[in-house]
Amino acid sequence: MKAFAALIDRLIYTRSRNSKLALIVDYLRHTPDPDRGWAIAALTESLDFPAVKAAMVRALLATRVEEELFRLSRHFVGDTAETAALLWPESGKPLPFREGVGVGSIGLAQGRWTPPAATREQSSQVSLPSPEGEGELSVSQAVDALSAATRSDAPAILASLLDRLDADGRYALLKLALGGMRVGVSARLARQAFAQAFDVPIDDVEELWHAIPPPYAPLFAWGEGRAERPDLKDVAFFRPFMLAHPLEEESIDLADYAAEWKWDGIRVQIVRGGSATRIYSRGGEEISAAFPELVAAFDQEAVIDGELLVRGEVQGGEAASFNALQQRLGRKTVPKKMLADYPAFVRVYDLLAIDGNDLRPLPWTERRRQLEGFVPRLADSHFDLSQIIEARDFDDLAQRRAGARDAAIEGVMLKRRDAPYVAGRRAGLWYKWKRDPLTADCVMMYAQRGNGRRASFYSDYTFGCWSDAGELLPVGKAYSGFTDEELKWLDKFVRDNTLNRFGPVREVEKSLVLEVAFDSIHSSKRHKSGLAMRFPRIARIRRDKPAEEADRIATLLAMVT
Amino acid sequence: MAKAKTWIEPHPGGIYVKPADLWIDPSRPVERAAVTHGHADHARSGHGAVFATPETLAIMALRYGVDVAASHNRGFAYGDGFELGGVRFSFHPAGHVLGSAQILMEYAGERIVVTGDYKRRSDPTCKPFEVVPCDIFITEATFGLPVFRHPPTAQEIAKLIGAVRAEPDRSVLVGAYALGKAQRVIAELRGAGWDAPIYIHGALEKMCALYAGHGVDLGELRLVSEADKAEMAGQIILAPPSALNDRWSRRLPDPVTAIASGWMRVRQRARQRMVELPLVISDHADWDELTTTIAEVNPGETWITHGSEDGLLRWCELTQRKARALHLVGRDLEEEEA
Ligand SMILES: [Zn+2]
Ligand SMILES: [Zn+2]
């Protein structure tokens, strides 16, 4: 637990991604199984101990620390796990209150958890600084104990584990148990660290990761060259996505490239292997739970790549805006009404495997041929085929792109006809050609300081447009699109034109017009203006334009899709 | 026995001792002031006469131009004191910074101690705290919550040395308060065997010299402004916390930023300060030191001047000790120097 606690601590205070990567690489190389596997699962929030929740930790603390002192401490620290880690009484140190005072009714003596025999003799010495390894509570011992806990014995088990750790160890244990690590380690970063630690291809790691549960012993064995690459037959594992570069060429030959609409939903991969069906998002996160109807409907032994969309009534059953889809994202359970109001479906782009055969090495034309034969095998209520745009030439395609009015169309995809399906972004294989953005002239209303490198600049701007009543209403917030020079100028403008300060936010004189570019605009109940922009960014600073001539809300409403 | 409340009055701006017409650590200029130590929230300029330890007077002379030579300003060694208006004042070590003192007042059979700021753990730059029995104990409570338990100083110093050695191409820049903390960190480093020159920000130079002049061995110190970038790789640099993220630090070789403060115990706090290496080194008593001290002094009544008084008050209540909070103002420096 010491090495894990030290890792967490260093990750908390390390800002750069590369340094975080280096820390995890080092940890993976120098920590034995199964601790490193559990640790990495904890860092990426892949563990859940149903018997251990924040309320239970608070109740446990109430048996050790007087209630008011706990409340004051929790208020100061702001985080239950950290407060508990700091307050937990250590043997040999005075209690934070007079003995006997504040001890609640839970009798710990009877329910005390007994550590496995192997560690029992040494448990008396673990609160003292001891060398790595012997006598120390390991991450896997903690995981085993917490997994075995039931709601009734969880407090006693957690207490006995906390008793064996110092303050940093207790923090690590409680974060592992409760989740909410917040050390800036994504699953992607963890997998990169694994690839780097053992010098194996990241694509292989991405594939294998989802197929093997924590603590990933076969993965480490393979990484260290002690075993063959794990066999993934009959497993619903994730294949890394093939991605596109933005189109920068003036023109390309459609004899070499096929054109397809780019839809404004979320890219997903649906995998059925063995008896499991899983839905993965672009980063390889599993999102099956949010879309149970798709899991149920996908009944073929295959792997597809497609765009997940929601059917909107407004569009007469066609794909609805991204806004509608957002209602469905990030859920662990989906209410019935949600399923009825925002039915999801997948527009299928590609076929990566079928009946156990990997199609990825085949050229796009061949995969497409098989895809067209495959999609009719799926329920048309939940799956349809992404259509190829039949354009005569590039100019014709450009015209169709410009004329596309469908809200869910984000632009055009261009795919090289002879290219295999390869992970990541490869030059010259796939291009995305987005629709030109929409723009509006808005007035700056509020500004806020940025993060990191920009912490000393007012770099986040809230802007508004005029209502019919002549009132400025906020329509969006942007923090990009400007050059460093422009940022300096904007920062100075904010400082020179501040009307009010609300904590980190400054209200400014409503005099500066910003030309804001955005991909689309939707109606939203969350904003007073009733509008929400997608991907707004500052296109130009319009110092030449008087604020009264900025756009009106009515103009923006006409752009709503 | 006289009733204390008749001769001593706590005011938001300091503690007034009536029979002597004297203030302790007043926040505004007064005719007569007794000063516990040199930190700006306790020692102010512009008083008519100052009573303090000779070290504190020297610090006040350096920081605020107080004229030490003037006969109305008087310095007293630990254990010594003076009498004024029937009140006997004496100075006793507080273990906080060089020259820091608790002030004991005896009047009509009653004993009152004002601690100023203090700590109980060892500090190579000043004399350790002494328990002075009294009827009323007027204590600080900067870290008056049980979450504050400072780890052993040696452990934090080892962490600092470990960080420098781990990345010899970089430097470690430690934000440490200019009076007390900076010199203590340097002295602790020397004690741990760190013999290399330690680089300092210009704002620390005079105070370090003052400490050295009082016999505190700080080893070889070099000014950052006179060093070139390359020579500071793999070295430890000290600066006031306010200089950590300003342009000054650009002259250093890729510094790892550290802050030495008791506040670093709480991760959220350390994160807010954009620290990469939090060092929990404090010149203030932690929770255990505060509560142990009250138990040892065992006064009839405890008055709490400033800090997290709610936590300490609650502890007094739970241990059936009479206590009250004074809510002294202007003690916000603790944010920086703790
Ligand atoms: Zn002080
Ligand atoms: Zn103070």
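In the predicted model, the contact between the two chains takes 26 residues from chain B and 28 residues from chain A. Chain B and chain A bury about 2,700 Å² between them, and carbon and sulfur atoms carry 58% of this area. Five salt bridges are counted between chain B and chain A, and five residue pairs are found in polar contact across this interface, both residues of each pair being at pLDDT 80 or more. On the side of chain B that touches chain A, helix H6 (267–272), helix H7 (287–297) and helix H8 (309–318) of chain B each supply at least two residues. The residues on that side of chain B comprise 13 nonpolar, four polar and nine charged.

Among the salt bridges of this model, A:Asp168 pairs with two arginines of chain B, as the following distances show. The closest N and O atoms are 3.6 Å apart in the salt bridge of A:Asp168 with B:Arg265, and 3.1 Å apart in the salt bridge of A:Asp168 with B:Arg267. Because A:Asp168 belongs to helix H11 (residues 167–178) of chain A and B:Arg267 to helix H6 of chain B, the latter pair joins two chains. A:Asp168 counts as partly exposed, at 25% relative accessibility, whereas B:Arg267 counts as buried, at 6% relative accessibility.

Salt bridges are also found within each chain, and the structure holds 65 of them over all chains. In chain A, the side chains of A:Glu207 and A:Arg360 meet in a salt bridge with an N to O distance of 2.8 Å. A:Glu207 lies in helix H13 (residues 202–209) of chain A, while A:Arg360 lies in the loop between strand S8 (357–358) and helix H18 (364–374) of chain A, so the pair ties together parts that are 153 residues apart in sequence. Both A:Glu207 and A:Arg360 are buried. In chain B, B:Glu301 forms a salt bridge with B:Lys322, in which the closest N and O atoms are 3.6 Å apart. Here B:Glu301 is placed in strand S18 (residues 301–307) of chain B and B:Lys322 in the loop between H8 and strand S19 (323–325) of chain B, so this pair ties together parts that are 21 residues apart in sequence. B:Glu301 is buried, with a relative accessible area of 11%, whereas B:Lys322 counts as exposed at 52% relative accessibility. Salt bridges that share partners, in turn, join A:Asp9, A:Glu82, A:Asp168, B:Arg265 and B:Arg267 into one network.

Within chain B, the assignment gives domain 1 (4–147 + 284–337) and domain 2 (153–279). The contact between these domains takes 23 residues from domain 1 of chain B and 22 residues from domain 2 of chain B, and the centres of the two, taken over C-alpha atoms, are separated by 29 Å. About 2,000 Å² is buried between domain 1 of chain B and domain 2 of chain B, with 66% of the area given by carbon and sulfur atoms. The residues of domain 1 of chain B that lose the most area to domain 2 of chain B are B:Leu62, B:Thr125 and B:Glu336, which together account for 25% of what that side buries. One salt bridge is found across this domain interface, together with two residue pairs in polar contact, both at pLDDT 80 or more. On the side of domain 1 of chain B that touches domain 2 of chain B, two or more residues each come from helix H2 (54–64) and helix H9 (334–337) of chain B, and H2(B) provides the largest share, five residues. This side of domain 1 of chain B divides into nine nonpolar, five polar and nine charged residues. The side chains of B:Asp123 and B:Arg184 meet in a salt bridge, at 3.9 Å from N to O.

Further along chain B, B:Asn73 is placed in the loop between H2 and strand S6 (74–75) of chain B. B:Asn73 counts as buried because its relative accessibility is 8%. Apart from neighbours within four places in sequence, B:Asn73 is in contact with B:Gly48, B:Ala49, B:Val50, B:Leu57, B:Val66, B:Asp67 and B:Val68.

Chain A is divided into domain 1 (48–178), domain 2 (242–434) and domain 3 (438–557), and 34 Å separate the centres of domain 2 of chain A and domain 3 of chain A, taken over C-alpha atoms. Helix H9 (residues 139–148) of chain A is mostly covered, with seven of its 10 residues buried; these are A:Val139, A:Ser140, A:Gln141, A:Ala142, A:Val143, A:Ala145 and A:Leu146.

Note on methods. Residues are numbered from 1 along each chain as its sequence is written. Chains are lettered from A and ligands numbered from 1 in the order in which they are written. This is a predicted model: local features need pLDDT of at least 70, side-chain atom pairs count only at pLDDT 80 or more; totals for chains, interfaces and linings use all residues. Side-chain values use heavy atoms; hydrogens and water are left out. Domain bounds come from an automatic or database domain assignment. Contact means heavy atoms within 4.5 Å. Buried area is the accessible area (1.4 Å probe) that two parts lose on being put together, summed over both. A salt bridge is a side-chain nitrogen of Lys or Arg within 4 Å of a carboxyl oxygen of Asp or Glu. A polar contact is a pair of N or O atoms within 3.5 Å; within protein, one must be able to donate a hydrogen and the other to accept it, and residues adjacent in sequence count only if both atoms are side-chain atoms. Helices (H or I, at least four residues) and strands (E, at least two) are DSSP runs, numbered from the N terminus. Ala, Val, Leu, Ile, Met, Phe, Trp, Tyr, Cys and Pro count as nonpolar, Asp, Glu, Lys and Arg as charged, and the others, Gly among them, as polar. Buried means under 20% relative accessible area, exposed over 50%, partly exposed in between (1.4 Å probe, protein chains only).
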